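Please look over the model shown here, with attention to its ligand and the annotated residues.

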Amino acid sequence: MSKVLVINGPNLNLLGSREPHIYGSTTLADVENGLRAQAAELGLELDCFQSNHEGAIVDRIHQARAEGVGFVIINPGAYTHTSVAIRDAFGGVAIPFVEVHISNVHKREAFRHHSYLSDIAEAVMAGFGTLGYGLALQFVASRLR
Ligand code: DQA
């Protein structure tokens with residue numbers, strides 16, 4: 001069975017209560033449970049990980065290679081705009097990934113317009129709300145088939 005890893009970066013543990021006018025009222029647990037149900041229907045093995053720490057995210061990406069993960073779906077949160085380390089981790093393990101943003105980062109402050117990941121991602125979702133995760137998983141399933 002193909003393995004998919006979902007990574008959420010800093011502050012995404014606060015989903016549901018964090019700036020709901022931007023990120024909505026769905027919690028991270030709701031998102032993860034929805035993805036688990038969808039993965040089961042699609043015949044995929046799915047693991048979820050959230051961390052507020054850059055190094056922990058780098059470590060989890062390294063571990064993914066050892067686990068034989070076929071695709072990563074990542075919302076790197078603010079690390080999108082700052083982290084060469086997370087970019088290099090993906091380069092190092094050569095696992096394809098989709099970059100997901102709940103909000104449309106291009107409609108927001110200029111510092112959110114640049115991503116250290118987009119040019120090496122297979123696909124990028126932005127502005128679909130939390131639906132973006134499920135849409136990304138649908139895409140990943142088609143790629144892993
Ligand atoms: C985010 C957008 C980032 O700019 C922000 O720092 C986040 C969440 C999003 O999902 O829209 O933490 O990645």
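The paragraphs below go through the ligand site, the annotated residues and one further residue.

This is a predicted model, in which local features need pLDDT of at least 70 and side-chain atom pairs count only at pLDDT 80 or more, while totals for chains, interfaces and linings use all residues. Residues are numbered from 1 along each chain as its sequence is written, and side-chain values use heavy atoms, with hydrogens and water left out.

Begin with the ligand. The residues around it are Arg18, Tyr23, Asn75, Gly77, Ala78, His81, His101, Ile102, Ser103, Val105 and Arg112, where a residue counts if one of its heavy atoms lies within 4 Å of the molecule. A polar side-chain atom of histidine 81 is 2.7 Å from an oxygen atom of the ligand. For the side chain of histidine 101, the distance from an N or O atom to a ligand oxygen is 2.8 Å, and for that of arginine 112 it is 2.9 Å. Taken alone, the ligand exposes 320 Å², of which the protein buries 99%; accessible areas come from the Shrake-Rupley method with a 1.4 Å probe, and for residues only the protein chains shown count as cover.

Next come the annotations. The unreviewed UniProt entry gives "active site" for Tyr23 and His101; such positions are in the numbering used here, feature names are shortened, and annotations may be inferred rather than shown by experiment. These residues are spread over 79 residues of sequence but cluster in space, with a largest C-alpha distance of 9.5 Å. The lining of the largest pocket includes both Tyr23 and His101. On a 1 Å grid over the protein atoms alone, a pocket is an open set of points with protein on both sides within 12 Å along at least five of seven lines, a 1.4 Å probe being used for cavities, and lining residues have an atom within 4 Å of a point.

Tyrosine 23 is in helix H1 (residues 20–23), and histidine 101 is in strand E4; helices (H or I, at least four residues) and strands (E, at least two) are DSSP runs, numbered from the N terminus. Tyrosine 23 is buried at 9% relative accessible area, and histidine 101 is buried at 6%. Buried means under 20%, exposed over 50%, and partly exposed in between (1.4 Å probe, protein chains only). The side chain of histidine 101 makes a polar contact of 2.6 Å with the side chain of glutamate 99. A polar contact is a pair of N or O atoms within 3.5 Å; within protein, one must be able to donate a hydrogen and the other to accept it, and residues adjacent in sequence count only if both atoms are side-chain atoms.

Aspartate 88 is in helix H4 (residues 84–93) and is partly exposed at 49%. Arginine 112, in the loop between strand E4 (97–101) and strand E5 (123–126), is buried at 16%. Its side chain has a polar contact of 2.7 Å with that of glutamate 109.

Threonine 80 lies in the loop between strand E3 (71–75) and H4 and is buried at 1%. Its side chain reaches the backbone oxygen of glycine 77 at 2.5 Å.
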